[in-house]
Amino acid sequence: MRNNNVLGIVFASVGDEKLGELTSRRSVASVPFGGRYRLIDFSLSNLVNAGISKVGLITKSNYQSLMDHVGSAKSWGLDRKNGGLHILPPYGRASSGVYVGQVDALYGIKHFLRRSTEQYAVICNSNVALNIDIADMIEKHIASGADVTVAYKHGDLPKNDGDIMSLTLKDGRVNRIMMYTEHKGECDYGLGITVISRVLLMSLVDKAVAANKTDFARDILMPNVENLVINGYEHKGVVAVMDSMQGYVGANMQLLAPSVRADLFNKERPVYTKVKDSMPTRYGIGANITNSLIADGCVIEGTVKNSILFRGVKVGKGACVENCIIMQGTEIGSGADLKYLTVDKEVKVGNNRSLCGSPSYYVYVNKGTTV
Amino acid sequence: MKKTECVAMLLAGGQGSRLGVLTQNVAKPAVPYGGKYRIIDFPLSNCANSGIDTVGVLTQYQPLELNDYIGSGKTWDLDRLEGGVHVLPPYQKSTGSDWYKGTANAIYQNIGFIERYDPEYVLVLSGDHIYKMDYSKMIKQHKATGSDCTIAVLNVTLEEAKRFGIMNANPDGTIYEFEEKPAQPKSTLASMGIYVFTWAKLKKYLCEDAEKEGSSNDFGKDVIPAMLAGGEKMYVFRFDDYWKDVGTVESLWDANLDLLNPNIDLNLADPGWKIYSKNEGLPPQYISADAKIENSLISEGCEVCGNVDFSILFSNVTVEKDAKVMYSLIMPGAKIESGATVKYAIVAENAVIKSGAVVGESPEECADLDAWGIAVIGDGLTVNKNATVSAKKMVTEDVKEGAKI
């Protein structure tokens with residue numbers, strides 16, 4: 001633990017546009033995931049589990065639901081006298097507006113960066129669910145003497161619009177960064193997690209802003225592979241990139257595999273989330289559950305198969321929920337039949353209603369809808 | 001310090017010896033309940049929900065787990081700018097040091113703590129019961145009647161009355177007599193161990209009681225009778241919702257399974273009166289394709305691949321394939337391996353039931369019904385392969401492979 005010598009910076013909105021209706025009223029950071037989490041829980045927990053006690057959370061738009069979720073940051077132990085969670089919304093100066101890219105956003109929090117005393121900063125996005133050992137990454141960064149260390153994963157490049165870097169490395173050092181490439185097959189791709197010294201970060205951001213640049217990876221890292229020592233840190237564990245609605249569904253459904261859960265919900269590095277104090281889940285007579293991940297506070301009297309149920313979901317008698325993601329507080333009436341759906345929060349499905357998507361296209365049901 | 005109208009004092013030092021192995025390493029208020037709670041969550045949540053923000057928790061017996069659990073009081077929203085929750089163990093004074101000799105003595109030794117807040121009233125609670133109660137209503141009645149002591153009472157049956165402290169009250173609610181476990185009860189109003197005192201009066205009686213030779217320094221046995229004899233104004237406060245003492249293995253088991261009974265009115269899901277508990281940051285529960293679950297309560301972090309019927313699984317419990325759990329409480333972190341059977345039993349925290357082992361018996365299987373009871377496996381113990389633990393057995397050490405006890 002290197003308490004207080006590393007600063008965390010989390011982008012709440014990078015990748016908002018990829019999740020369609022899921023992010024129409026929330027930023028990607030507060031998209032519900034895995035039965036009881038919001039995506040930001042992974043970023044915050046990763047940082048906190050590395051002993052980081054000061055985190056700046058950069059918000060852009062649609063952040064009311066995120067504010068509601070993080071509150072005073074008690075749930076992550078970030079309600080601190082020294083450090084803790086700093087929420088950094090846009091409009092920091094009278095002349096500034098909503099930022100246009102990460103560089104602009106980092107420039108907008110210049111004051112926060114300048115006043116911080118930590119030697120290093122860890123920057124991460126909120127559109128990836130992963131449990132990564134940031135403490136180890138920082139240690140390797142310091143030991144190697146690199147200027148920048150970026151986390152990467154070896155595997156199929158997720159869907160992207162030029163916002164995910166693919167890398168080539170030699171002896172741990174990144175010697176080439178590609179973006180906007182049509183990559184086929186496996187490669188090493190960036191996870192949006194960067195370790196860098198705070199002072200270097202500020203100077204790189206200043207230079208980029210002076211040149212009217214906006215993107216951190218494209219405008220700061222890519223042109224500097226030779227001037228800076230950029231190292232790679234391979235993450236071998238599970239990575240779920242929320243690159244599309246389908247990607248979101250797949251990322252949730254893969255949690256039904258024990259190996260994925262064991263990695264993502266690592267007992268040594270727990271994933272913390274806002275506590276709701278709901279009672280344990282109650283299974284009634286006639287309940288029939290197979291292969292499902294179920295959060296607390298549910299009342300289940302029907303059939304649930306291959307599904308993810310968030311907190312406080314009610315499944316009535318004789319109802320059948322198959323291959324669905326059902327978010328918090330949704331109530332499914334008795335005899336209803338749901339297949340291949342992503343059902344947002346607080347939806348009411350009447351008795352004996354039937355709704356069906358397909359394995360390749362999960363139909364999305366909007367928050368608060370009555371079916 | 002600002003004046004606080006009412007300070008709550010929670011008596012949490014009791015050993016709860018009737019719970020046997022379940023309280024070997026923890027105080028009774030720290031015993032798990034209801035899948036994700038501990039008994040002390042009930043009085044503390046009631047305090048928070050009733051608007052009482054200054055609580056002293058008197059600990060004595062095995063306080064480690066309890067102290068850790070209470071922490072800063074965050075869990076119950078009792079980490080306050082003023083007041084909040086305070087753990088009060090016995091301490092050394094210039095005149096010597098003493099354990100808490102009785103419930104009244106525990107409060108007596110902490111007069112200094114109470115006086116810091118200069119309260120009008122003191123609410124005395126115990127950490128032994130499962131109930132939801134709005135203490136502010138009781139305090140309101142105490143004020144309205146101008147009472148010196150108000151005692152919460154529950155209407156029990158005449159038969160049950162013989163096991164409780166019984167308040168004999170006039171129709172206007174004033175108490176004229178108190179009888180501890182009467183053979184011939186005159187009334188059925190049982191004391192719930194919840195008192196509101198006008199602090200000035202209580203202080204006087206506590207000091208007198210401390211001076212008295214031979215006093216057991218107990219509220220029920222000494223202070224309440226002394227106040228009655230002294231002609232103080234004492235009222236009952238009637239309570240008629242769910243309340244259960246969880247002092248014995250059977251009553252603890254019963255009170256847990258009450259949560260599965262739709263006819264019993266103990267709603268822990270009421271958003272207006274939440275029962276808070278400490279959260280461990282666990283993932284949702286996973287129910288596999290081989291599992292069969294009916295009429296049960298299951299908590300976070302559980303992995304269930306076997307059969308669970310009419311049972312409560314606390315957090316992080318594993319039930320492997322072909323294991324059977326019926327009419328049982330499986331406390332946090334316990335593991336029931338494949339092919340094991342657990343019925344009519346309480347398996348304490350982190351215990352392991354190895355494959356093929358059988359713990360507990362149903363009343364029907366038990367030859368002698370009088371000898372039937374709930375089997376209990378102590379925390380951290382292992383019941384090895386193919387061992388059998390009979391009904392009502394309280395297991396305090398590992399059970400060897402194939403053994404029958």
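Author: In helix 9 of chain B, the buried residues are B:Val249, B:Ser251, B:Leu252, B:Trp253, B:Ala255, B:Asn256 and B:Leu257. Buried means under 20% relative accessible area, exposed means over 50%, and partly exposed lies in between (1.4 Å probe, protein chains only). Helices (H or I, at least four residues) and strands (E, at least two) are DSSP runs numbered from the N terminus. The model is a predicted one, in which local features need pLDDT of at least 70 and side-chain atom pairs count only at pLDDT 80 or more, while totals for chains, interfaces and linings use all residues. Residues are numbered from 1 along each chain as its sequence is written, chains are lettered from A and ligands numbered from 1 in the order in which they are written, and side-chain values use heavy atoms, with hydrogens and water left out.

Helix 9 spans residues 249–257 of chain B, and seven of its nine residues are buried, so the helix is largely enclosed by the rest of the structure.

Strand 1 of chain B is also largely enclosed by the rest of the structure, because six of its six residues are buried. Cover is found on both faces of this strand: B:Cys6, B:Ala8 and B:Leu10 lie on one side, B:Val7, B:Met9 and B:Leu11 on the other, and all are buried. Two strands pair if DSSP finds at least two bridges between them. Strand 1 of chain B pairs in the parallel sense with strand 8 (residues 121–126) of chain B over six bridges, and B:Ala8 stands opposite B:Leu123 of strand 8. Strand 1 of chain B also pairs in the parallel sense with strand 4 (residues 54–58) of chain B, here over four bridges. In that pairing, B:Leu11 faces B:Leu58 of strand 4.

Strand 14 of chain B (residues 234–239) is mostly covered, with five of its six residues buried. Strand 14 pairs in the parallel sense with strand 10 (residues 149–155) of chain B over six bridges, and B:Val236 of strand 14 is the bridge partner of B:Ile151. B:Thr150 also has its place in strand 10 of chain B. B:Thr150 counts as buried, at 0% relative accessibility. The C-alpha atoms of B:Thr150 and B:Leu58 are separated by 21 Å, the two residues being 92 residues apart along the chain.

Further along chain B, six strands form an open sheet with parallel pairing in the order 17-20-23-26-29-32. Strand 17 (292–294) and strand 32 (388–389) of chain B stand at its edges with a single partner strand each, so one side of each is left without a neighbour in the sheet. Strand 32 of chain B runs parallel to strand 29 (residues 358–359) of chain B, and two bridges join them. There, B:Val359 stands opposite B:Val389.

The charged side chains come next. A salt bridge is a side-chain nitrogen of Lys or Arg within 4 Å of a carboxyl oxygen of Asp or Glu; by this rule, the count over all chains comes to 33. One of them joins B:Glu232 and B:Lys201, whose closest N and O atoms are 3.2 Å apart. B:Glu232 lies in the loop between helix 8 (219–229) and strand 14 of chain B, and B:Lys201 in helix 7 (residues 199–211) of chain B, so the pair ties together parts that are 31 residues apart in sequence. B:Glu232 counts as buried at 13% relative accessibility, whereas B:Lys201 is partly exposed at 26%.

B:Glu208 is partly exposed at 41% relative accessibility, and B:Lys204 is partly exposed at 39%.

A further salt bridge is formed by the side chains of A:Lys74 and B:Asp79 (3.5 Å, N to O). This pair crosses between chains, from the loop between helix 2 (64–70) and strand 5 (84–88) of chain A, where A:Lys74 lies, to the loop between helix 2 (63–70) and strand 5 (84–88) of chain B, where B:Asp79 lies. A:Lys74 counts as partly exposed at 29% relative accessibility, and B:Asp79 counts as partly exposed at 30%.
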